[in-house]
Amino acid sequence: MECNRRRRSRSRQDTSRGIDYISRMPIEVLLHIFYFLPLKYWIVMSLVSKQWKYIWTQISILTLDEAELVTGIIRKEISCLSCIASLNHHICQCHQHAVNAARRKFAEIVDRILLFHSGCTIEHFRLSCHHDNQEMYAPTVDKWVQFSMTSNIIELELDFSPGMPNNYYEMEGLLVKRNIDCQQYALPRHAFQPKLLKVLTLSFCKFEATSYGAFKSLKRLSLYHVDILDCSIGDLVSKCPALEDLSLKYCFHPEKFFVCKQELKIKYLFLMHCMTENRAMFPIDIITPNLLTLTIVGSYLMSTSVKRATKLINVTIDIEQRFADHAQGNFLASLLLDLFHCHTLALSSWCIQVLPTGDGLRRQLPLPFRNLKHLMLHVGLVKQELPGISCLLRSFPILESLQLKLCTPMNVEWDVFQDMIPNIFELEAQSYWESQNSPFHCLQNCLKKVKIYGFVGQNTEMEMVKFLLENGIVLETLDVYYYGLNPWASTQEALDYKWFQFRNLVTLMTLPKARSQARVKMTKVYGAYMSVAY
Ligand SMILES: *[C@@H]1O[C@H](CO)[C@@H](O)[C@H](O)[C@H]1NC(C)=O
């Protein structure tokens with residue numbers, strides 16, 4: 001159909017033969033069209049017309065993705081579907097040679113594109129190729145990296161993900177690097193000094209930072225599954241004087257990487273599941289007067305100090321771990337005290353349980369947070385979280401909005417480290433909120449908005465809501481979001497659930513309120529379902 005229509009319209013145009021609209025297009029438009037075409041079509045296009053032969057040498061957005069191209073070639077050459085499906089995981093022996101041939105082809109294409117590139121400024125360059133043990137073109141890849149570091153590139157993304165996804169395994173709840181022969185690709189040691197480079201993203205590789213020159217314009221550095229073999233954050237930042245945004249996810253770094261005595265100018269720091277070669281914990285001791293956002297996601301906390309962070313806006317501390325000892329309560333408290341200028345704070349359930357076990361933190365932090373307006377807590381509303389929640393509410397006298405994101409309830413375990421269960425947890429969960437007789441300033445003066453996500457309707461949740469409504473003297477809205485039941489539930493179950501939530505609504509509506517105008521609203525969240533039995 002489509003084909004026929006096209007043929008007809010072409011024969012109609014034959015009368016105006018000779019006018020080649022495409023060749024008359026402005027070069028910017030052509031480059032734009034090229035950009036949206038997959039790599040292999042560039043090669044075809046460049047054969048079609050003389051004018052186009054080298055047009056791609058001027059393209060300003062270059063994406064060279066091995067997986068995309070190899071999959072394309074293989075799909076044409078082999079028919080074994082299961083093999084295609086497993087292309088990214090393991091490659092069947094029988095088709096290894098087809099894959100190798102396709103990879104060689106990819107290497108040739110990249111070589112050609114880079115060799116002929118005009119040298120014009122490239123806005124965005126992404127190179128993604130697999131790195132594995134039978135590395136057949138490591139020297140070639142070195143050459144490509146050399147190109148990318150010495151050309152006029154503004155945003156550069158280099159991804160050397162291995163063919164195998166299981167480079168890490170879990171041991172006693174920790175993510176440990178598998179000690180296999182499969183080595184990360186090592187970036188060539190060379191005193192690169194890319195002048196225009198503003199954004200650099202590296203994935204699945206390792207490098208020695210001391211071997212590089214200055215990255216004068218670099219503003220954002222994102223590392224994902226990268227081994228930093230030497231240096232400290234101070235050395236790194238001194239090579240990148242304009243650096244504002246540093247993000248490390250699943251990276252390995254030297255033991256003292258985050259210990260630095262000099263001031264760091266960075267504004268955004270994002271650390272997620274980083275570790276040293278042997279341990280998931282490492283000290284952090286930095287001075288960051290310009291820091292706006294700090295995110296730490298991990299499984300342990302040790303001595304962590306972030307000094308002079310007076311401009312802080314957003315802080316997220318998300319530690320997820322089954323165990324704790326009370327020393328970590330002290331580490332967390334001292335970190336939070338460093339961050340007391342922040343405006344928004346998000347904490348995980350582990351942090352909430354560990355915080356009040358620190359020395360002298362039973363009731364509140366020793367310093368009131370004078371800027372903190374928004375608090376976001378991931379809670380299961382288990383007994384061990386209650387002292388932490390009230391400690392936080394007491395410490396934030398100008399809090400305006402509170403968000404509770406309900407997650408799977410879990411009490412942190414203490415005894416594994418021969419630590420006693422701190423006696424602050426000897427409490428009666430049912431009557432906890434009623435028993436709180438010292439005041440919460442935020443509830444009396446400024447807490448206006450409460451949002452509760454993932455509401456199920458259990459007693460602990462009702463107790464919490466009851467407490468907030470009864471004490472929220474200036475409360476304006478309390479929004480409760482609940483999930484629908486899974487779509488495969490029986491009609492009877494669905495009916496029961498509807499009735500259950502209706503009863504919840506009635507309960508919520510009839511709870512006594514300190515401020516009669518406070519609006520309570522229950523909203524069903526679509527697209528997500530209840531996973532916990534209610
Ligand atoms: C802080 O977080 C809020 C909400 O997520 C966001 O809108 C804002 O841009 C963030 N500010 C900074 C400085 O990162």
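Which residue in β13 is the bridge partner of Phe-270? It is Thr-295, in a predicted model where local features need pLDDT of at least 70 and side-chain atom pairs count only at pLDDT 80 or more, while totals for chains, interfaces and linings use all residues. Residues are numbered from 1 along each chain as its sequence is written, and side-chain values use heavy atoms, with hydrogens and water left out.

**Strands around β13**
- Strand β13 (residues 293-298) runs parallel to strand β11 (residues 268-272), to which five bridges join it, strands being DSSP runs of E with at least two residues, numbered from the N terminus.
- Six bridges link β13 to strand β15 (residues 314-319), also in parallel, and Ile-296 stands opposite Ile-317 in β15; two strands pair if DSSP finds at least two bridges between them.
- Five of the six residues of β13 are buried, that is, under 20% relative accessible area, with exposed over 50% and partly exposed in between (1.4 Å probe, protein chains only).

**Nonpolar core**
- Ile-317 is also among the residues that touch the most other members of the largest nonpolar core, which has 135 residues, a core being a set of buried Ala, Val, Leu, Ile, Met, Phe, Trp, Tyr and Cys residues joined through side-chain atoms within 4.5 Å.
- Leu-377 is another of these residues, and beyond its neighbours within four places in sequence its contacts (heavy atoms within 4.5 Å) include Leu-347, Leu-402 and Lys-405.

**Helix α15**
- Val-506 lies in helix α15 (residues 491-510) and is partly exposed, with a relative accessible area of 38%.

Conventions: Helices (H or I, at least four residues) and strands (E, at least two) are DSSP runs, numbered from the N terminus.
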